[in-house]
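This briefing covers helix packing, a sheet and a few single residues. Please read it alongside the sequence and the 3D view.

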Amino acid sequence: MLRKPEMILIDVDGTLVDSVPDLAYCVDEMMLAIGREPYGEARVRDWVGNGVERLVRRALTGQLDGEPEDADFERAYPVFLDLYADNTSKRSTLYPGVKEGLEYLKASGYRLGCVTNKAEQFTTPLLQDLGVYDDFAIVVAGDTLPVKKPDPGPLLHAAEFFGVSPDQSLMLGDSISDVKAARAAGFQIVCMSYGYNHGEDIRNYDPDLVIDSMEELKTLL
C-alpha cells in the first residue's frame, strides 16, 4: 500500500502528455531533410523517453543503444531542434484522466512538481499550451541541472525546493528511468501502464504500483 506523500513529482512524456505524434513528425521530417527514409510513429514510440538528443541518435542508427557518426549527428540534430521548436504541441495531447487527476491532487493540497528529461525550451511551452504549467510549483527539466533521470538528482532537487524528505515523496512516471531515479532517491514510485518504456512492460521493473489513469489516484492516496 502507498504511504500518503506530502509531495508528488510527475514526469511529462508518457505520463502527462502523449508527445509522440509531434516527436515522430519531427523525426520523419528530419530524416527526409537529410535524405533518408522516415520511420513512422509506431517505430519512434519505442525510442522516446531519454530526451531529444538521445532520440535523434536512435533515429540515425535505427536502434536504442547505437551511436551515429559525429558528422551525421551534427547535421541532423539542429534540423530536429528547429522542427521541434515549431512542433512542440501541435499534435500532442494530455492523456485521459490527467486533468481530473491534477484537479484532485491540487484540491487535496499536495505539493506538485514536474520532473522531465525534456529540455526546458520545449517543456515550458508544451505544458503552457496544454494548460497545466501553472499546476506545478517547480519544473525540473532535462537541462535544469547537470544530471537528469535516472540520476536521482532532479528528484532530490525538487524535494529540497519543497523542504520535503524523500520518504514523504512520490514520483509518478512511466519508464525505467523514472523507477531507477525514484529508487535511488528513496521515493515511492507509481507508473502509468500506457507510457513509453521502449516497448517493455513497466511492471518488469517493479514500481510500487501501476495504474491506468491518473484519476485512480483519488482512491489510492
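The buried residues of helix H3 are covered by a set of elements that includes H1, helix H2 (41–45), H4 and helix H6 (120–129). The model is predicted. In it, H3 spans residues 52–61 and is mostly covered, with seven of its ten residues buried.

**Helix H3**
- The buried residues of H3 are Val52, Leu55, Val56, Arg57, Arg58, Ala59 and Leu60.
- After H3 comes Gly62, which has a positive phi near 75 degrees.

**H1 against H3**
- The axes of H1 and H3 lie 11 Å apart, and the two helices pack at an angle of about 50 degrees.
- H1 and H3 are therefore oblique to each other.
- The crossing of H1 past H3 is right-handed.
- From H1, the contact uses Leu23, Val27, Met30 and Met31, and from H3 it uses Val52, Leu55, Val56, Ala59 and Leu60.
- Sorted by class, this contact of H1 with H3 holds nine nonpolar residues, no polar residues and no charged residues.

**H1 against H4**
- Helix H1 (residues 20–33) and helix H4 (residues 70–86) have axes that come within 9 Å and cross at roughly 140 degrees.
- Because of that angle, H1 counts as oblique to H4; the cut-off for roughly antiparallel is over 145 degrees.
- H1 and H4 make a right-handed crossing.
- On the H1 side, the contact is made by Asp22, Leu23, Cys26, Val27, Glu29, Met30 and Ala33.
- On the H4 side, the contact is made by Ala76, Val79, Phe80, Leu83 and Tyr84.
- By class, the contact of H1 with H4 has ten nonpolar residues, two charged residues and no polar ones.
- Leu23, Val27 and Met30 of H1 take part in the contact with H4, and Leu23, Val27 and Met30 also take part in the contact with H3.

**The sheet**
- Six strands form an open sheet in the order E5-E4-E1-E6-E7-E8, and their pairing is parallel.
- The edges are strand E5 (138–140) and strand E8 (209–211), each of which pairs on one side only.
- From one strand to the next, the twist averages 25 degrees.
- Strand E4 (residues 111–115) pairs with E5 in the parallel sense over three bridges.
- Within this region, Gly113 stands opposite Ile138 in E5.

**Helix H8**
- Helix H8 covers residues 176–185, and its buried residues are Ser177, Asp178, Val179, Ala181, Ala182 and Ala185.
- Gly186 follows H8 and has a positive phi, near 80 degrees.

**Asp206**
- Asp206 sits in the loop between E7 and E8.
- With a relative accessible area of 56%, Asp206 is exposed, because the cut-off for exposed is over 50%.
- Asp206 and Lys106 are 100 residues apart along the chain, and their C-alpha atoms are separated by 27 Å.

Conventions: Residues numbered from 1 in each chain as written. Predicted model: local features only at pLDDT ≥ 70, side-chain atom pairs only at ≥ 80, totals over all residues. Heavy atoms only, no water. Pairing = 2+ DSSP bridges. Helix = DSSP H or I, 4+ residues; strand = E, 2+ residues; numbered from the N terminus. Axes fitted to C-alpha atoms, helices over the stretch in contact; angles between N-to-C directions. Buried < 20%, exposed > 50% of the residue type's maximum accessible area, 1.4 Å probe, protein only. Parallel < 35°, antiparallel > 145°, perpendicular 65-115°, else oblique. Left-handed = near helix turned anticlockwise from the far one by under 90°. Contact = heavy atoms within 4.5 Å. Nonpolar A, V, L, I, M, F, W, Y, C, P; charged D, E, K, R; others polar.
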